[in-house]
Amino acid sequence: MTIIDFIRLILKHIVLLIVVPIFLGCMVILLTMNPSFKYSSETLLYTGLASGSSIEMDKTFNYQATNTAFDNLINIINSRETQEEVAIRLLAQHLMLPEANPKYISKEHFIEFQKKIPKDIYEYVSKGNVTDIDSEQLNNYHYEPFPNEINRKNYEKTVSNLKALMKSGNDNFVYELLNYGEDDHYSLKAIAEIKAQRINSSDLMKLSFTTNDPGICQQTLSIYSQVCIINYKSIKENRSDAVVKYFENELEKARGYLKDAEDKLLEFNKSSNIINYYEQSKAVAVVKEDMDVNYKKITAELAGVEASAKKLEEKLKIQELIQEKSNIILKKKRDLGDLNFKIALTQSEIESGNKQQDILKLDKLKIQAETLVNEIKKGVDELYTYQNSIEGLPISKVLPDWINNVVESEKLKAQINVINGQNNKFQEVYAEYAPAGANMKRLEREISVAEQGYLEILHGLNLAKLKLQDSELSSNLKTIDSPYFPLTPNPTKRAVLIIAAAFLGGLLTLAIIFVMEYFDDTLRNSKIASKNTGLSSLGMIPKILLNPGNINLPFIQNRLIETITQNIIQYFSKKEILNRPKTIVVFSTQKMEGKTVITGNIAKSLKKEGKKVFVLTHKEKQKHLKNKRKSPILHKIFGYQDPRIDFDNPFLADISTYLSDDELRFYEMNTSFFDAKNYTDFLKSNSIEINNTPDFVIIELPAIIYHKYPTELIKNADLNILVCRSNRIWSDADISATKNLVETCESKINIVVNGVHINEIESVLGDLPKKRTKIRRKLKSIFKFQFLSKNHI
């Protein structure tokens, strides 16, 4: 066996080599279980003494003061008062437990506890409704885990009762249990085993405890840490929160003043319809300024238009008829001016209200104005008969200009009247906004004063709380790592025994693997199969697994069947066979060896090389194999390959799917079958006709152990292929079945090993085609002692 084979063997059974030592180690643990084992637990307390937990930044670090503070803390932790408190609380908890609970006390120790506790002690256990225990006392000693079946108020009352009993004298059971006894759990001697030490130069204190019960160990440390915290606070803290309460009361008053001032401003805004006073007043001023500019502009335009109209009227002094008609036109002009004023006023109302009634009114006024304009134009047209003015100017040129000026002047007058009305409204708005601004300033100033007072009081409250917090931090211990429940006892010699058992288990398993490998007589590969059967090998076929991993299984299958075909052709090239069909008989000694699959794939490979192939196989019904739904559990546990077969693999396809009817025929196993000497006898007895002369005739026979077979056919065949499974041994039955055939035609019989393990293929193809990392390739070359080998030249 080479090193690479040894590595493969180890990797094949690696899970078995791991599981067996672990199993033996677990057995050692179970066999060495001892109730007298010691269990340890730890907890960490954060003190804040070393880093200067004070909030006041002007405090400087004092190394000596810090060491003194830690010494005081350790003395408080180790004080008798602390130990008595812890012992009584632990005793009260166990007295109130209705039954053993491994989280708090084991069953064995609970039975011992009940035996040594006098019955009269249970009279001090509180069971009723307790009213004299306040919530602050409950919160002070709030340690976890705490039994859910125990009422906390009753528990605190029981602790008080036991304390009173202990302090009543030195002849009661509780006093004797704590001071005189050698109890492993409740005596001061046992509680004193708790070790307190500072971790290096940090702020942390470590408390550790060891006892023979994991639940008691955790509970004792949990109670101890809480008792230390309360005792340390009661000694260090001497403060009053009167200042904080004063500032809180004043802050509430200031909040009320500020709220009242803000409510006043809110009501003022509601009553004055103010959303944003400054933006609204600014908008009003901008609109008023734009209106004034527009008023001046219209006034200037009106003056110019009236002057122009007056000048034109002077040029239009004509006869009385013209004067009369002019009077009519002027009257209509005045009417038109009134209508334009009404139109301008209605448009202003529409812009402010946009009512449908105003819109209809505007349309009616526009129609009337248009009618008057048309009448004026008609009257003017009658005056056109007069061609010249008194100054000799054409009447047709003067009259239109005069009419336009008259219309425009009336329009501008109407706009001025509307602007005058809007100006009055703006004066009313100014009258409202002027006092509103002053009132708003006063209210805002009142809010600002109330807000400043509120902020000052809030600042004072923060300073008072900061001072109070500084005092609390300097005397506040915190549990940052709660005591854990010790699942395993402290290390003993059992660890050495476990290691020895695991080591011996590994050696024993490795020895068993080597023995199994040494005594494995299965036909694992072509080399071993040739050695066991005494026959030459044509090749081997791997087992077609459902999940071959990263190996290119189709390539390996095709290459191996091509190798077998090549060996067959080379075999016939050495024989002096005339130009006739070459007969190949494929048989096996046992059933289900894979003859049909190998026969079909050999025929398919020969057909690819351009050879004419004719296959004869029996009509015996083959047993249909079914895959298991899941991989066997043992294979998963021990990490072996999934043994299920991939029935959908093209290599296992039915032979009829890739051979035509002229290339594949079936024969009957009748009396003529046993007397057949060559393939032509098969054709005659089964009335089979072939259209051409094949190059190769492949005849598949059933298992020769279970069926009678034509001996003369095998003797006369050009080549006999014996198919064997790799996972079985070459038994005496196989030797007896092939004895006569081997004696008569040994040189014609070759074997093909079917279903070999994929790693055995390397003896034929070399390195299997699969993805390998550079590290894996390097390790493989090292194990093969190929230190200087390269893949390419």
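Helix H18 (residues 553–574) lies across E5, E6, E9, E10 and strand E11 (749–756), and runs at about 165° to E5. The model is a predicted one, in which local features need pLDDT of at least 70 and side-chain atom pairs count only at pLDDT 80 or more, while totals for chains, interfaces and linings use all residues. Residues are numbered from 1 along each chain as its sequence is written, and side-chain values use heavy atoms, with hydrogens and water left out.

**Terms**
- Helices (H or I, at least four residues) and strands (E, at least two) are DSSP runs numbered from the N terminus, and two strands pair if DSSP finds at least two bridges between them.
- Axes are lines fitted to C-alpha atoms, for helices over the stretch in contact, with angles from 0 to 180 degrees between N-to-C directions; contact means heavy atoms within 4.5 Å.

**The seven-stranded sheet**
- Seven strands with parallel pairing form an open sheet in the order E5-E11-E10-E6-E9-E7-E8, and its edge strands, E5 (536–542) and E8 (664–667), each pair on one side only.
- From one strand to the next, the twist of this sheet averages 20°.
- Strand E6 (residues 582–587) is joined to strand E10 (residues 719–725) in the parallel sense over four bridges, and Val585 stands opposite Asn720 in E10.

**The four-stranded sheet**
- Another open sheet has four strands in the order E2-E3-E1-E4, with antiparallel pairing.
- Strand E1 (residues 39–46) pairs with strand E3 (residues 204–211) over eight bridges in the antiparallel sense, and Tyr39 stands opposite Thr211 in E3.

**His707**
- His707 lies in the loop between strand E9 (696–700) and helix H23 (711–716).
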